[in-house]
Number of protein chains: 2
Amino acid sequence: MTTSAEPRRSPPDLHSEYAAAAAHARRTAVLASVESLLGWDEQTMLPPAGGAYRADQAAAVASLVHASRTEPEQRDRLERLAASMEGGKGDWSDEERVTVLRLLSDLHKQLRLPARLVEEIARACIDGQQAWVEARRHSDWKGFAPHLDRLVRLKREQATCQSPDLDPYDALLDDYEPGARSSDVSALFDRLRPGIVALVRACRGSSCPPRDDLLRQHFPRAAQESFVRMVAENIGFDFARGRIDTAEHPFCSTAGPHDCRLTTRWDESYLPTALFGVLHEAGHGLYEQGLRSDAFGLPGGEAASLGVHESQSRLWENLVGRSLPFWEWCLPEARRMFPAVLSDASPEAIQRSLLVVRPSLIRVEADEVTYNLHIMLRFDLERALIRGELAVADLPAAWDDRFEQDFGIRPATAAEGVLQDIHWSAGLIGYFPTYTLGNVYSAQMMAAVETDLPDLPAEITAGRFGPLLDWLRVRVHEHGRLIDPGPLVSGATGRPVSERWLVESLWARYGPAHGLGTSPPS
Amino acid sequence: MTTSAEPRRSPPDLHSEYAAAAAHARRTAVLASVESLLGWDEQTMLPPAGGAYRADQAAAVASLVHASRTEPEQRDRLERLAASMEGGKGDWSDEERVTVLRLLSDLHKQLRLPARLVEEIARACIDGQQAWVEARRHSDWKGFAPHLDRLVRLKREQATCQSPDLDPYDALLDDYEPGARSSDVSALFDRLRPGIVALVRACRGSSCPPRDDLLRQHFPRAAQESFVRMVAENIGFDFARGRIDTAEHPFCSTAGPHDCRLTTRWDESYLPTALFGVLHEAGHGLYEQGLRSDAFGLPGGEAASLGVHESQSRLWENLVGRSLPFWEWCLPEARRMFPAVLSDASPEAIQRSLLVVRPSLIRVEADEVTYNLHIMLRFDLERALIRGELAVADLPAAWDDRFEQDFGIRPATAAEGVLQDIHWSAGLIGYFPTYTLGNVYSAQMMAAVETDLPDLPAEITAGRFGPLLDWLRVRVHEHGRLIDPGPLVSGATGRPVSERWLVESLWARYGPAHGLGTSPPS
């Protein structure tokens, strides 16, 4: 036994270390939100000649964000904190534990990428997008192929550096859908596919398919603006904390905990362009506004994944916006705003006209049913590219063959086929499956909502969206990314993630509209 | 004599040092332009609840800008360059010499301020503005006085640190009007004053003063938007490099070399609010768009001073916008856009209705003639405050006495008097005189233009503003701040700076409109 007159040095104060780590993450988020505002402004406000300087501004802020994200002091802090938590040690809440692990894993992912590779990927993405714009314009596959080849090689290298323990495609997928594995996604898609293929085939064979002439009339822009704003406000989008503007390629962007910005485009000869654009983006926006503002910049205040994000946009766009109760509620207002064209329309007629199924070449114009076939095609092809099972040179033929098999039509040009999407040219590989995962999650959530809230149709008919939004807030939004998307969706719905609800939902809505039953013929 | 086999070490390559210094200044400008965009967005786009987080974003970027501006490496570089230029040494162009001296003097000014003082002033300005908003709302001078007292003390300290060789007020003035000295400004204002006082008195005694009923009718907002945009475009504002939006307190903001943003407000019952707001801000915008974009972020591409900036806005607002040729040109278009109210109006009637003189309590609502008396009052009082010749406690009485003497009316409340402007509460002391300097410069420039371009009235009547804009571009804009404002104006006009042209211009336009002569009675 030893005694000492000297005061014992107290152990490092871990709780103030935690506070410092959280403060650092919040500071990084301040800069990242400025980067996000620059992007929003570029697509909505920037004068045409301002593009080149905007690129300089964005690059300067991006590099400050990157420096802040990878700061060595923050890494040391998080590593000490993680060590203090190992095996359940220490006086830490669950949220604190998950926060430290998420922040540390994000940081390690960044640090495992050599600076040389980060720069090379950034350059390849800029070059790739420029080449893609030109290549698509001229339907010139050969002009784009070398860029895609380089990008596939670099993304494969990124995957190996970033998550050496994972299959390379899974490493990329994990960036967008944490915890998802492509074998599970692939199995899910394989189970989903027959039900959708059967529905598409049945719809195409229908002798009385719905028509959308009602929506293809003149809807003046000013009235559309008032109408979609009214809709967004009523479903719960808070304009004290957000706004709507115009952009060529609609998106939702967050520039702060109380600053969420939707965009849409307008087509005076087709109402759904703006309306469903806004319902979709407002679905994203409701999620962003439902995240905990006190945890902005921390995992507790961040979206769980792209798939979960998409589930929110699709739920409001497709499962609410294409429903009869929704039109029972909003048609009187729509009639007032578009008296020349909607005065004789019934909710039933409008709703039916929103359920057209029409196989088409372009994903972003696809209907709700065929959309998922577009995604599955891309998922299979990009996974084969990353795994080295498909050469870039063979991609166009693989695309066209698969497309013909799935849709019964063959793209006449590369622009209508393999060159149509920007994603690959921007290095976004592993991103596509999150769209269909979002559809799967949204249908599963809506099925659970229908059990939990049996009065929902009547509530919606009365314009009361609060019960639905509250359900989503409590079950999904308020968890941030403290839970992985799979467990989050299972927890919210009380069931393992399954394609079953999406197939059921599509058949139940599109079947009757086409004079079919509500489920696939067995 | 010694010889050596060793290669001689070459002297530091000063020209690449110069390139590095310029690159550093440009990088700082990239961040400063992001700060500027955050400010623009705050006043035009930000959702109501977004204010607090925007303050965090702005503070984060401001501190990065400050760090970049005061970087020790840049100081060392500039000091080596300045030393290499001393006494006309070295192979340097005039622009390079001035650039180095300006950048170094800016940097030294910043570095001479102790960090403690910078922070204290920043805090005092934030507190001061908040207190001012409340104090003005309740006309509560006592609630604001301690803040002003603190600000005057801090600004005096700033002046002494920043430019120890200058009179403290001159040190502050120099921030806004480089090279200007308050003794010269004071002498100029003393010469200007009698001509304006005589004109105000004569106008008030007129038996047939102009009336502005014609402009106080219903002008629909949408038509106003088209009209002012058409005007801005025609006078030369380039919408490929800029835009117009709405703000409660109009301003012009630059977010990049090709990104200049005007704002205005709208009053459907008074056309001049938006029209002259846009002419004023477009005057600033034409100056910004006329600066050399290749030198953005360097003295060669920056505005010469606030006074010169204001000369451009006032020239377009008052000397063009209130002229008969301007209305001969734009009235047909105005009639088309506002048929219900302007179909019988003549250019002469409109122009006359724009020349009302009406002494009033509030500076920002003042007419072109009495405006300068508002400025002279503030200049004398703020100078006395900084010099310690007037105590903050005695300011309201001094304000009211002087106001009564100059305008023949006495403010009934502090809100209508000493509390009306935001400037002092935001630490902007030494700023006010630049408004009247701008008026003086603008009249002197216009007098020179009239000599140089005798056909200008006919050109303007025909809607050709190019010759006037070209004159301003070549004589003023393209010099950036490579020349101090006094020499710049003298050089542009071929005459020393004088109040004479402003007095002549005001009498020549306002005299006849009031049934008076074109010059003061002798």
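This is a predicted model: local features need pLDDT of at least 70, side-chain atom pairs count only at pLDDT 80 or more; totals for chains, interfaces and linings use all residues.
**Exercise 1. The size of the contact**

Task: Find how many residues chain A and chain B give to the contact, and how much area is buried between them.

Solution: 
- Step 1. Count the residues on each side. Chain A gives 36 residues, and chain B gives 36 residues.
- Step 2. Turn to area. The size of an interface is often given as the accessible area lost when the parts come together.
- Step 3. Read the value. About 2,400 Å² is buried between chain A and chain B. Carbon and sulfur atoms give 68% of that area.
- Step 4. Look for the main contributors in chain A. A:Met45, A:Pro47 and A:Tyr53 lose the most area to chain B. Together they make up 22% of what that side buries.

**Exercise 2. Charged and polar pairs**

Task: State how many salt bridges link chain A and chain B, then check the pair A:Arg54 and B:Asp259.

Solution: 
- Step 1. Take the count. There are four salt bridges between the chains.
- Step 2. Recall the cut-off. A side-chain nitrogen of Lys or Arg must lie within 4 Å of a carboxyl oxygen of Asp or Glu.
- Step 3. From N to O, the side chains of A:Arg54 and B:Asp259 are 3.8 Å apart, and they form a salt bridge.

**Exercise 3. What builds the side of chain A**

Task: Which elements of chain A give two or more residues to the side that touches chain B?

Solution: 
- Step 1. List the elements. They are helix H1 (14–44), helix H2 (51–69) and strand S1 (242–246) of chain A.
- Step 2. Pick out the largest share. H1(A) supplies it, with eleven residues.
- Step 3. Sort this side by class. It has 21 nonpolar, seven polar and eight charged residues.

**Exercise 4. One residue**

Task: Is B:Ala448 buried or exposed?

Solution: 
- Step 1. B:Ala448 sits in helix H17 (residues 433–452) of chain B.
- Step 2. Apply the cut-off. Buried means under 20% relative accessible area. B:Ala448 has 4% relative accessibility, so it counts as buried.
- Step 3. Find its contacts. Leaving out residues up to four places away in sequence, B:Ala448 touches B:Trp471, B:Thr493 and B:Arg495.

How values were computed. Residues are numbered from 1 along each chain as its sequence is written. Chains are lettered from A and ligands numbered from 1 in the order in which they are written. Side-chain values use heavy atoms; hydrogens and water are left out. Contact means heavy atoms within 4.5 Å. Buried area is the accessible area (1.4 Å probe) that two parts lose on being put together, summed over both. Helices (H or I, at least four residues) and strands (E, at least two) are DSSP runs, numbered from the N terminus. Ala, Val, Leu, Ile, Met, Phe, Trp, Tyr, Cys and Pro count as nonpolar, Asp, Glu, Lys and Arg as charged, and the others, Gly among them, as polar. Buried means under 20% relative accessible area, exposed over 50%, partly exposed in between (1.4 Å probe, protein chains only).
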